[in-house]
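Biologist: Could you walk me through this structure in plain words? I would like to go through it piece by piece.

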Amino acid sequence: MRRLLRRLALLPPVLLAASVLVFALPRLTGADTVRTVLRTRTASEAPDPVTQARVAAEFGLDGSAVEQYFRWLAAACRGDLGVSFVTRTPVGSAVGDALTISLLLTVLALVLAVLLGLPAGVYAARRPGGMLDRTVTGAGVLGVSVPEFVLAPVLVLVLAVHAGMLPAVGWGTPAHAVLPVLTLAVYPAALTTQLIRAETIAVLASPHVRTARAKGLTDGRVLWLHGARLATTSVLSLSGMFVAGMIGGSVVVEVVFGIPGLGRLLHEAVLAQDLPMIQAGAMTVIGIALVAGVVAEVAQLALDPVARERSR
Amino acid sequence: MRRLLLLLLVLVFGLSYLPDPLAVDYGAILAPPSAAHLLGTDQLGRDVAARLIAGARLTLGLTLATLAVTAVSGTVLGAVAGHLGLRAVPRIADVVAALPTILVGLITAAILGPGLPSVVVAVCAVGWSPFTRQAYHLTVRETGREYVEAARSLGAGPVRVITRHIAPNIAGPVLAHLCLRFAGTLLTVSGLSFLGLGVQPPVAEWGAMVADGRTYLFSSPHLVLAPAVAVVLTASLATALGRSALRE
């Protein structure tokens with residue numbers, strides 16, 4: 001617990017540094033944000049100074065960059081993340097709504113990945129080099145090599161267009177979630193399988209498993225009680241890595257399937273140069289990725305005495 | 001290895017024989033694969049096979065270039081930090097490695113505008129961290145060994161110890177890691193282009209080709225399938241190569 005708190009204490013300064021970067025960099029490129037906003041709004045290349053000043057005041061773009069940053073930071077600490085340049089609605093609630101959807105998507109995919117990967121890895125480890133093992137290993141290589149942006153259209157083509165069983169795009173009903181979750185689950189499922197397989201093989205070769213066998217335990221009990229349980233530890237440690245990959249993957253999945261999640265929100269904000277939305281969305285995702293990394297690391301240390309000893 | 005050479009051969013031949021990837025032929029729009037157009041044509045009548053090869057040059061070149069930069073800088077940083085015991089370096093690398101590259105790509109695209117520079121900056125900004133972590137841990141392990149102590153007691157400085165003694169001993173795992181990162185980098189680079197944040201039209205790039213073809217998924221699936229197969233094949237070949245290198 002103390003370790004968790006100590007690691008988490010590292011995060012605020014990192015997040016603060018990230019916020020400075022996210023906030024400052026767009027302003028360093030010299031792009032005139034007020035002008036960009038006005039151009040998308042009125043399509044006029046040379047707006048009058050009065051309008052410029054009004055828009056600047058409305059979006060908090062007046063004053064120096066440092067001033068703007070601290071005003072933004074103070075407001076952000078109060079929970080006010082600003083107003084979208086495009087929709088003029090508060091950014092905070094938009095990010096919140098989108099985050100709920102993205103989290104649901106990611107959690108469902110993670111559950112599916114473990115449900116697929118755990119048994120596949122354990123059974124493959126039972127007879128290394130056997131038929132099942134080679135199939136699973138091959139599928140694993142394919143699984144980490146197929147990007148979401150390839151898998152999604154192919155799944156749509158096969159399951160939505162040809163078989164006509166599922167809707168191709170959209171969000172709202174459980175049927176809409178099937179293809180996105182499936183797409184997003186393939187990468188973590190492949191990684192889980194490989195890890196579980198490698199770990200189970202290592203565990204099955206260790207002395208305590210031989211003892212268990214000698215005591216007369218059946219193959220199945222040895223495999224599940226001794227092999228699989230230890231292997232789970234190593235998967236936990238790598239789940240932090242999954243999260244980074246899955247956040248990236250969910251951007252693609254949400255864009256392809258038209259899901260109003262955080263990834264698509266951010267993608268659209270970037271294409272529209274909607275600064276408040278980019279800042280809020282990016283900070284949220286960075287925060288989640290960092291917290292997930294720390295939690296996974298600490299969870300592993302809590303479960304694995306050897307790693308704990310090494311990290312001293 | 002032989003399979004990789006074969007792929008290289010296809011690239012070289014393709015570059016010299018196929019038609020112009022930007023040549024527009026309105027007489028043959030969305031044509032299915034035929035003798036004239038091996039993989040058919042796209043919505044502007046451009047030869048898909050030619051675009052695939054042109055895309056290979058760009059996608060693979062970009063992947064290899066960014067991978068080389070990040071691997072060298074990351075490994076050097078990790079080795080130096082490991083040898084000198086700079087514990088902050090792997091900590092920072094841990095934090096950076098937790099960032100999704102696609103997200104960083106979104107942010108750099110917001111700053112620099114969508115395009116190749118934004119992709120390169122994003123991939124390099126995150127890509128060094130896994131190499132640093134690996135090199136750090138390997139170097140810490142090697143530094144504790146007797147041969148390093150022996151070299152040091154003979155008067156070798158840190159630079160000489162790292163380059164002449166430690167480097168050869170950690171090169172194997174680092175190279176295998178490089179092969180394994182190839183697929184991830186390739187998928188990130190083309191994924192960013194797929195999202196419209198990388199190369200801009202009309203330049204041919206695999207991810208961008210998949211994105212373009214999605215509009216015609218129902219009528220002309222070959223537009224998506226050709227670049228999709230290319231991406232998956234290249235990524236899985238590189239992964240398999242890395243695996244076998246790791247086993248040796």
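Modeller: Let us begin with B:Glu142, which is buried, with a relative accessible area of 3%. Please keep in mind throughout that this is a predicted model.

Biologist: Which side chain does B:Glu142 meet in a salt bridge?

Modeller: The partner is B:Arg145, and the N to O distance in that salt bridge is 3.3 Å. B:Arg145 itself is partly exposed, with a relative accessible area of 37%, whereas B:Glu142 is buried.

Biologist: How many salt bridges does the structure hold over all chains?

Modeller: Over all chains there are six salt bridges. One of them joins the side chains of B:Asp94 and B:Arg91, with 3.2 Å from N to O.

Biologist: And how far apart are B:Asp94 and B:Arg91 along their helix?

Modeller: They are three residues apart in helix H3 of chain B, which covers residues 88-97, and so about one helical turn separates them. B:Asp94 counts as partly exposed at 22% relative accessibility, and B:Arg91 is also partly exposed, with a relative accessible area of 33%.

Biologist: What about chain A, where do A:Glu268 and A:Arg264 lie?

Modeller: Both of them lie in helix H11 of chain A, residues 262-272, and they are four residues apart, which is about one turn of the helix. A:Glu268 counts as partly exposed at 43% relative accessibility, and A:Arg264 counts as partly exposed at 23%.

Biologist: Let me switch to cysteines. How many disulfides are there over all chains?

Modeller: The structure holds zero disulfides over all chains. B:Cys124, for example, is in no disulfide, and the nearest cysteine sulfur, which belongs to B:Cys179, is 18 Å away.

Biologist: Now for aromatic rings: how many aromatic pairs does the count give over all chains?

Modeller: The count comes to one aromatic pair over all chains. A:Phe149 and B:Phe194 form this pair, and it is stacked, with 5.2 Å from centre to centre and 25° between the planes. The pair crosses between chains, from A:Phe149 in helix H7 of chain A (residues 148-162) to B:Phe194 in helix H7 of chain B (residues 158-194).

Biologist: Are A:Phe149 and B:Phe194 buried or exposed?

Modeller: A:Phe149 is buried, and B:Phe194 is buried as well.

Biologist: And chain B as a whole, how many helices and strands are there?

Modeller: Chain B has nine helices and zero strands. Of its 248 residues, 51% count as buried.

Biologist: Which residues form a nonpolar patch on the surface?

Modeller: The patch is formed by B:Val72, B:Val76, B:Val80, B:Leu84 and B:Leu86, which together have about 410 Å² of accessible area. If you want to find one of these residues, B:Val80 sits in helix H2 of chain B, residues 48-84. B:Val80 is partly exposed, with a relative accessible area of 32%.

Biologist: Back to chain A, then. Which side chain does A:Ser102 contact?

Modeller: A polar contact of 2.6 Å joins the side chain of A:Ser102 to that of A:Glu254. A:Ser102 lies in helix H5 of chain A, which covers residues 91-126, and this serine is buried, with a relative accessible area of 7%.

Biologist: One last thing, where is A:Val20 found?

Modeller: A:Val20 is found in helix H1 of chain A, residues 2-28, and it counts as partly exposed at 38% relative accessibility. The C-alpha atoms of A:Val20 and A:Phe257 are separated by 33 Å, while along the chain these residues are 237 residues apart.

Technical notes
Residues are numbered from 1 along each chain as its sequence is written. Chains are lettered from A and ligands numbered from 1 in the order in which they are written. This is a predicted model: local features need pLDDT of at least 70, side-chain atom pairs count only at pLDDT 80 or more; totals for chains, interfaces and linings use all residues. Side-chain values use heavy atoms; hydrogens and water are left out. Patches are made of residues with over 30% relative accessible area and no salt bridge: like charges are joined within 9 Å, nonpolar side chains (Val, Leu, Ile, Met, Phe, Trp, Tyr) within 5 Å. Accessible areas come from the Shrake-Rupley method with a 1.4 Å probe; for residues, only the protein chains shown count as cover. A salt bridge is a side-chain nitrogen of Lys or Arg within 4 Å of a carboxyl oxygen of Asp or Glu. Helices (H or I, at least four residues) and strands (E, at least two) are DSSP runs, numbered from the N terminus. Buried means under 20% relative accessible area, exposed over 50%, partly exposed in between (1.4 Å probe, protein chains only). A disulfide is a pair of cysteine sulfur atoms within 2.5 Å. Rings of Phe, Tyr and Trp (its six-membered ring) pair if their centres lie within 6.5 Å; planes under 30 degrees apart count as stacked, over 60 as edge-to-face and the rest as tilted. A polar contact is a pair of N or O atoms within 3.5 Å; within protein, one must be able to donate a hydrogen and the other to accept it, and residues adjacent in sequence count only if both atoms are side-chain atoms.
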